[in-house]
Amino acid sequence: MKVEIDSDSGFCFGVVTAINKAEEELSKSGALHCLGDIVHNAREVERLEKKGLETITHDRLASLRGGKVLLRAHGEPPATYETARRNGIEIIDATCPVVLQLQRRIKQAFDQSRTLENPPLILIYGKLGHAEVNGLVGQTEGEAVVIQDLGDLDRVDLDRDILLYSQTTKSLEGFREVVAEIKRRKHRGSFEYFDTICRQVANRMQKIKEFAMSHDVVLFVSGAKSSNGKVLYSGCLDVNPHTHLVTDADGLQPEWFAGAESVGVCGATSTPSWLMSEVARRVEQITDSIHPQP
């Protein structure tokens, strides 16, 4: 049986940078705080915790005095930086450059809007409560409105002037649907929208669908908290009904591979390559036990 790991799956460059910064600091001091999970993959978090990384909450940050805290790729609102400054905490900022640029754009738009008599409403297409979205809303002092789906538009005054942005990891298709629906419903006021979706993430959907179609069985490796993982897994499942979502090699079921000639292993932007390799090795062990080599 052929077992192939998708070469386009795994960490995006923002996550790679954050983990590299964490490992660099841990190699020097052996201890580092990280505000929230450095990546939405429990196995990778566990690996780094063994090296000395401690995941903390915002409540813990507020009571911390001194030390170093890494800000993950998702980014943080201005209030987090102020808390760190007030508490004498050194920030190791691993905010993804794409997210950082978006934060700056939204802050600039918000600051300009405050000079207007009728300021536009800033909408953010994204997942409510997601770390990146919290950071984006923070640029507007909490005034931006988060749109998770078309139904959320029912509670928005669409006849105001509107500026629409997107969480960087949302789907292009979903963003376009929101744009089209606002245009359909809107009767007055201006509407400007900005496609702020990261292409490194967005372009993965077509590639991963092609990968899924090229194998009899697909194993999608992802942490339960990964929003990107849920989207990409659904894409695989759409084109290959023999797609299975697993968090690690322990979740594999031998019956999945009965009659299969090829197995594809892929994952989210938060899935480490070593974990996909671990899953691939287990598949080979399982299939060798079912069909031992002569």
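User: Does Glu141 count as buried or exposed in this model, and at what relative accessibility?
Analyst: The model is a predicted one. Glu141 is found in the loop between helix 6 and strand 7 (145-147). The cut-off for an exposed residue is over 50% relative accessible area. Glu141 therefore counts as exposed, at 55% relative accessibility.

User: What is the phi of Glu141?
Analyst: Most residues other than glycine have a negative phi. Glu141 is not a glycine, yet its phi is positive, at about 55°.

User: How do helix 5 and helix 6 run relative to each other, roughly parallel or oblique?
Analyst: The axes of helix 5 (residues 97-113) and helix 6 (residues 131-138) come within 8 Å and cross at roughly 30°. Angles under 35 degrees count as roughly parallel. Helix 5 and helix 6 are therefore roughly parallel.

User: Which residues make the contact between helix 5 and helix 6, and how do they divide by class?
Analyst: Helix 5 passes helix 6 in a right-handed crossing. Helix 5 contributes Val99, Leu102, Gln103 and Ile106, and helix 6 contributes Glu132, Gly135 and Leu136. By class, the residues of this contact are 4 nonpolar, 2 polar and 1 charged.

User: How does helix 9 lie against helix 10, roughly parallel or oblique?
Analyst: Helix 9 (residues 204-213) packs on helix 10 (residues 227-239) at an angle of about 40°, and the axes are 8 Å apart. Angles under 35 degrees would count as roughly parallel. At about 40°, helix 9 is therefore oblique to helix 10.

User: Which residues form the contact of helix 9 with helix 10, and how many are nonpolar?
Analyst: The crossing of helix 9 over helix 10 is right-handed. On helix 9 the contact is made by Arg204, Met205, Ile208, Lys209, Ala212 and Met213, and on helix 10 by Val231, Leu232, Gly235, Cys236 and Val239. The class division is 1 polar, 2 charged and, for the class asked about, 8 nonpolar.

User: What is the handedness of the crossing between helix 1 and helix 2?
Analyst: The axes of helix 1 (residues 13-29) and helix 2 (residues 42-49) come within 11 Å and cross at roughly 20°. That angle makes helix 1 roughly parallel to helix 2. The crossing of helix 1 past helix 2 is left-handed.

User: How many charged residues are in the contact of helix 1 with helix 2?
Analyst: Ile19, Glu23 and Leu26 of helix 1 meet Glu44, Arg47 and Leu48 of helix 2. The contact has 3 nonpolar residues and no polar ones, and the charged residues number 3.

User: Which residues does Val3 touch, leaving aside those up to four places away in sequence?
Analyst: Val3 lies in strand 1 (residues 2-5). Val3 and Ala280 are 277 residues apart in sequence, but their C-alpha atoms are 6.5 Å apart in space. With residues up to four places away left out, Val3 touches Val263, Val265, Ala280, Val283 and Glu284.

User: What share of the contacts with a separation of 6 or more joins residues 24 or more positions apart?
Analyst: The chain has 11 helices and 12 strands. Its C-alpha trace spans about 80 × 50 × 25 Å along the principal axes. Of the contacts with a separation of 6 or more, the share between residues 24 or more positions apart is 71%.

User: What percentage of the residues in the chain is buried?
Analyst: The chain exposes about 14300 Å², and carbon and sulfur atoms supply 48% of that area. Of the 294 residues in the chain, the buried share is 49%.

Definitions and conventions
Residues are numbered from 1 along each chain as its sequence is written. This is a predicted model: local features need pLDDT of at least 70, side-chain atom pairs count only at pLDDT 80 or more; totals for chains, interfaces and linings use all residues. Side-chain values use heavy atoms; hydrogens and water are left out. Axes are lines fitted to C-alpha atoms, for helices over the stretch in contact, and angles run from 0 to 180 degrees between N-to-C directions. Helices (H or I, at least four residues) and strands (E, at least two) are DSSP runs, numbered from the N terminus. Angles under 35 degrees count as roughly parallel, over 145 as roughly antiparallel, 65 to 115 as roughly perpendicular and the rest as oblique. A crossing is left-handed if the near helix is turned anticlockwise from the far one by less than a right angle, and right-handed if clockwise. Contact means heavy atoms within 4.5 Å. Ala, Val, Leu, Ile, Met, Phe, Trp, Tyr, Cys and Pro count as nonpolar, Asp, Glu, Lys and Arg as charged, and the others, Gly among them, as polar. Buried means under 20% relative accessible area, exposed over 50%, partly exposed in between (1.4 Å probe, protein chains only). Accessible areas come from the Shrake-Rupley method with a 1.4 Å probe; for residues, only the protein chains shown count as cover.
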